[in-house]
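Welcome, and thank you for taking the time to look at this protein with us. Please have the sequence and the 3D view open side by side, and follow along as we go from one part to the next.

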Amino acid sequence: MSIPKPLVQLNQSFLVITVLLAFVFHIWILAIPFVLGLITLITKKNPVILMGKRFLKKPSNEYNQEDQDQQLFNQWIATTCLGIALVAFTLDYQVIGYIFSTMVVAAAGLALAGYCIGCAIRYRYMMWKYNKAKAQ
């Protein structure tokens with residue numbers, strides 16, 4: 001299964017914008033992408049992407065496609081980082097909260113620029129698993 005690249009970029013932009021808004025206005029805005037991330041991981045359907053489908057000008061299959069499993073892996077990383085940030089802010093560990101939420105902005109921003117950190121991590125993990133299985 002695959003996802004049209006413009007919808008993946010919409011989700012990445014949503015992450016960048018909501019985290020930056022949280023930094024400027026109120027840190028609890030981070031709860032929005034965190035909850036939507038949880039919904040995505042539980043249902044395997046991203047609400048941001050589902051809403052964005054309405055605005056595609058061409059049929060979905062006419063766009064460059066991104067791997068759905070890779071996007072779920074990336075969503076897992078982003079949601080985990082946002083969850084850690086929210087817990088850190090709740091416990092008044094501001095620096096840790098800002099570090100983990102900034103990691104989300106950095107990763108999503110780099111992905112928008114063309115480099116997927118989550119893809120590199122998943123690739124290394126899959127190669128490690130393959131080499132481990134091959135050695136046995």
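Which residue lies over the face of Y63? Turn the view until you look down on that ring, and you will find K58, at 4.8 Å from the ring centre. Please keep in mind as we go on that this is a predicted model.

Now let us step back to the overall plan. The protein has six helices and two strands. Read from the N terminus on, its elements follow the order β-α-α-α-β-α-α-α. The C-alpha trace spans about 50 × 45 × 30 Å along its principal axes. The protein has 136 residues, and 35% of them count as buried.

Let us go inside next. In soluble globular proteins, nonpolar side chains tend to be buried together. Here, the largest nonpolar core has 15 residues. Those with the most contacts inside this core are L15, V19, I27, L30, L82, F89 and V104. Which elements give two or more residues to this core? They are α1, α4 and α5. The largest share comes from α4, with six residues.

Searching the whole structure gives four aromatic pairs. One of them brings together F23 and Y98, with ring centres 5.2 Å apart. Is this pair stacked, tilted or edge-to-face? Stacked planes would be under 30 degrees apart and edge-to-face planes over 60; the planes of F23 and Y98 are at 50 degrees, so the pair is tilted. The pair also links distant parts of the chain: F23 belongs to helix α1 (residues 5-24), Y98 belongs to helix α5 (residues 94-113), and the two are 75 residues apart.

Y98 has another aromatic partner to show you. With F89, Y98 forms an edge-to-face pair, 5.0 Å from centre to centre and with 85 degrees between the planes. Taken together, F23, F89 and Y98 make up one aromatic cluster.

From rings we move to charges. Side chains of opposite charge can pair when their charged atoms come close. How many salt bridges does a search of the whole structure find? The search finds one. In this salt bridge the side chain of R122 meets that of D67, at 3.6 Å from N to O. R122 is part of helix α6 (residues 117-135) and D67 is part of strand β2 (residues 65-67), so the pair ties together parts that are 55 residues apart in sequence. R122 is buried, with a relative accessible area of 18%, while D67 counts as partly exposed at 35%.

I84, V87, L91, Y93 and I96 make a nonpolar surface patch of about 460 Å². Of these residues, Y93 sits in the loop between α4 (68-90) and α5.

While you are at that loop, look at D92, which is also placed between α4 and α5. Most residues other than glycine have a negative phi. D92 has a positive value instead, near 65 degrees. Is D92 buried or exposed? Its relative accessibility is 57%, and D92 therefore counts as exposed.

A second residue with a positive phi waits in another loop. K44 is not a glycine, yet its phi is near 65 degrees. You will find K44 between α2 (31-43) and α3 (47-52). At 48% relative accessibility, K44 counts as partly exposed.

Our last stop is N46, which lies in the loop between α2 and α3. N46 has a relative accessibility of 9% and so counts as buried. To end the tour, trace a line from N46 to C116: they are 70 residues apart in sequence, and their C-alpha atoms are 19 Å apart in space.

How values were computed: Residues are numbered from 1 along each chain as its sequence is written. This is a predicted model: local features need pLDDT of at least 70, side-chain atom pairs count only at pLDDT 80 or more; totals for chains, interfaces and linings use all residues. Side-chain values use heavy atoms; hydrogens and water are left out. Rings of Phe, Tyr and Trp (its six-membered ring) pair if their centres lie within 6.5 Å; planes under 30 degrees apart count as stacked, over 60 as edge-to-face and the rest as tilted. Helices (H or I, at least four residues) and strands (E, at least two) are DSSP runs, numbered from the N terminus. A charge sits over a ring if NZ of Lys or CZ of Arg is within 6 Å of the ring centre and within 35 degrees of the ring normal. A salt bridge is a side-chain nitrogen of Lys or Arg within 4 Å of a carboxyl oxygen of Asp or Glu. Buried means under 20% relative accessible area, exposed over 50%, partly exposed in between (1.4 Å probe, protein chains only). Patches are made of residues with over 30% relative accessible area and no salt bridge: like charges are joined within 9 Å, nonpolar side chains (Val, Leu, Ile, Met, Phe, Trp, Tyr) within 5 Å. Accessible areas come from the Shrake-Rupley method with a 1.4 Å probe; for residues, only the protein chains shown count as cover. A nonpolar core is a set of buried Ala, Val, Leu, Ile, Met, Phe, Trp, Tyr and Cys residues joined through side-chain atoms within 4.5 Å.
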